[in-house]
Amino acid sequence: MANFTTMSAFLLMGFSGKTEIKMLFAALFLVLYIVALVGNILIITTTSMDHSLSSPMYFFLKHLSFQDLCYISVTVPRSICNSFMHNGYISLWECILQCFAFTLCGCAEMALLTVMSYDRYVAICLPLRYEVIMDISTCVHGLLANWASGILGGVRHTAATFSIHFCGANIIHQFFCDVPQLLKLSCSNEYVSELGVSGFLALLTFACFISIGVTYMHIFSTVLRIPSAEGRARAFSTCLPHLSVVILFVSTSAFDFLKPHSESPTVSDFLLTVFYTVLPPTLNPIIYSLRNKAMKEALKKDF
């Protein structure tokens, strides 16, 4: 990571220059963060305490909740503090660390959602071999691969971004150190290497999404052949929450990164970012607990 920028700090503009609007969004972020915090901690605690939730599905769900906590904690608490303290400055090294952690968590989340889709495929399409295929070794290796992909993506993305020179104003029109916004500050075409890394990560994300899509085509084909309506409903109740999480996370992030970015971002641009940075970690516990009968019974019993 040679040729670091001489900038020592950046200014995170957030949602608006108006104090009233900043405070409104800060209050909203605080509520969403508390909901995400409580919901994900409940899932982690419940799946750890209740022995009836010891299957690989709940093993991965517990780690998804942990990743969601990390993912939302990278950006939201800092944004809330900046708004309440009326100080949007973030140091260069804090920005580097935030960029790395955010990319790591995003890549790891996509990898884990892909592993979870495979788990659902084996459970529904190959039920007699489920315990053999999805043993503890497979689960641990899947989790290690998930974190390894996140670390690799985070290192490459951050190194490529901060190896370029930055010119002009040090203003980032976002509530965190967003890579597309940082690239707008580059002096010349030095960001070409970063675009190559972004393209590679986008290709891997697309491959994960296609893998999940093909997996669910097999799952739905198998579910529709189940003779009993109760069996089909039970299978759908475990698959639909996961699929809705994938669609929300991938569609909003892909649309935000692929659409042209204006020099003066609008409120809708910021809200779109919220859809893949704040809402998934907040909604995941609600989706999984409300749509999953075993989770609801375990929550009632333990709490």
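**Helix packing and salt bridges in a predicted chain**

The span of residues 95-118 is 100% helix and 0% strand, and its end C-alpha atoms lie 35 Å apart. The structure is a predicted model, in which local features need pLDDT of at least 70, side-chain atom pairs count only at pLDDT 80 or more, and totals for chains, interfaces and linings use all residues. Residues are numbered from 1 along each chain as its sequence is written, and side-chain values use heavy atoms, with hydrogens and water left out.

Residues 95-118 carry the feature "transmembrane region" in an unreviewed UniProt entry. The record gives this feature also to residues 21-44, 200-224, 236-258 and 270-290. UniProt positions follow the numbering used here, feature names are shortened, and annotations may be inferred rather than shown by experiment. Residues 200-224 are 96% helix and 0% strand. The end C-alpha atoms of that span are 36 Å apart.

The chain holds 11 helices and three strands. Both are DSSP runs numbered from the N terminus (helices: H or I, at least four residues; strands: E, at least two). Their order along the sequence is β-α-α-β-α-α-α-β-α-α-α-α-α-α. Of the 303 residues, 47% count as buried. Buried means under 20% relative accessible area, exposed means over 50%, and partly exposed lies in between (1.4 Å probe, protein chains only).

Two packed helices are described by the angle between their axes and the distance between the axes. Helix H2 (residues 56-85) packs against helix H3 (residues 92-125) at an angle of about 160°, with the axes 9 Å apart. H2 is therefore roughly antiparallel to H3, a term for angles over 145 degrees. Axes are lines fitted to C-alpha atoms, for helices over the stretch in contact, and angles run from 0 to 180 degrees between N-to-C directions. The contact of H2 with H3 has 16 nonpolar, five polar and six charged residues. Nonpolar covers Ala, Val, Leu, Ile, Met, Phe, Trp, Tyr, Cys and Pro; charged covers Asp, Glu, Lys and Arg; the others, Gly among them, are polar.

Two salt bridges are found in the whole structure. Each is a side-chain nitrogen of Lys or Arg within 4 Å of a carboxyl oxygen of Asp or Glu. Glu94 pairs with Arg78, and their closest N and O atoms are 3.3 Å apart. This bridge links Glu94 in helix H3 to Arg78 in helix H2, 16 residues apart. Glu94 counts as partly exposed because its relative accessibility is 39%. Arg78 is partly exposed too, at 22%. Arg120 and Asp119 form a salt bridge at 3.0 Å, N to O. Both Arg120 and Asp119 are buried.

Key
Parallel < 35°, antiparallel > 145°, perpendicular 65-115°, else oblique.
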